[in-house]
Amino acid sequence: MGRLGSANSGCRVSCSGEVSVAPHLKCGAPPIQGPECDWNANALAKAKSYQETMAMSPESIREQLTSEYGEQFTAEEADFAIQHLNG
């Protein structure tokens, strides 16, 4: 599983109409075109959330961000998040 199209065209709208921070959805919503979705920023926001609410280590956060059962961000997006986590 994973994103369809380019990094920006893979952004999807949730069934409730909100932009998803995860790169996958099951409701079949159409892709959003344009800069509405910054996957690096989304990965960083999710990483900060994990760090603040679950006290996860950077390596655990990276694993969760890239997990096929978790967020499914790319390795590059997860690396960006970890590099900027405490910045």
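Helix axes are lines fitted to C-alpha atoms over the stretch in contact, and angles between N-to-C directions run from 0 to 180 degrees. Helices (H or I, at least four residues) and strands (E, at least two) are DSSP runs, numbered from the N terminus. The model is predicted: local features need pLDDT of at least 70, side-chain atom pairs count only at pLDDT 80 or more, and totals for chains, interfaces and linings use all residues. Residues are numbered from 1 along each chain as its sequence is written, and side-chain values use heavy atoms, with hydrogens and water left out.

The chain contains 3 helices and 0 strands. Along the sequence, the pattern reads α-α-α. Of the 87 residues, 34% are buried (buried, under 20% relative accessible area; exposed, over 50%; partly exposed, in between; 1.4 Å probe, protein chains only). Contacts (heavy atoms within 4.5 Å) were also sorted by sequence separation. Among those with a separation of 6 or more, 43% link residues 24 or more positions apart.

Helix H1 spans residues 39-54, and helix H2 spans residues 58-66. The two pack at an angle of about 130°, and their axes lie 10 Å apart. H1 and H2 are therefore oblique to each other (under 35 degrees is roughly parallel, over 145 roughly antiparallel, 65 to 115 roughly perpendicular, and the rest oblique). On the H1 side, the contact involves Ala43, Lys46, Ala47, Tyr50 and Gln51. Their partners in H2 are Ile61, Gln64 and Leu65. By class, this contact has 5 nonpolar, 2 polar and 1 charged residues. Here Ala, Val, Leu, Ile, Met, Phe, Trp, Tyr, Cys and Pro count as nonpolar, Asp, Glu, Lys and Arg as charged, and the others, Gly among them, as polar.

Helix H3 covers residues 75-83, and its buried residues are Glu77, Ala78 and Ala81. They cover an arc of only 100° around the axis, which puts them on the same side of H3. The arc is that of the directions from the helix axis to the C-beta atoms. An α-helix has 3.6 residues a turn, so residues three or four places apart point the same way. The buried residues of H3 pack against H1 and H2. Glu76 and Gln83 are exposed, on the face of H3 turned away from its buried side.

Ala41 belongs to H1. Ala41 counts as partly exposed, with 35% relative accessibility. Its C-alpha lies 8.5 Å from that of Glu77, across 36 residues of sequence. Glu77 is one of the buried residues of H3. Lys46 is also placed in H1 and, at 24% relative accessibility, counts as partly exposed. Lys46 and Leu85 are separated by 39 residues in sequence and by 9.9 Å from C-alpha to C-alpha. Lys46 is among the H1 residues that meet H2.

Positive phi values occur in the loops. Ala55, in the loop between H1 and H2, has a positive phi of about 50° although it is not a glycine. At 68% relative accessibility, Ala55 counts as exposed. Gln72 lies in the loop between H2 and H3. Its phi is near 65°, again positive in a residue other than glycine. Gln72 counts as buried, at 12% relative accessibility.
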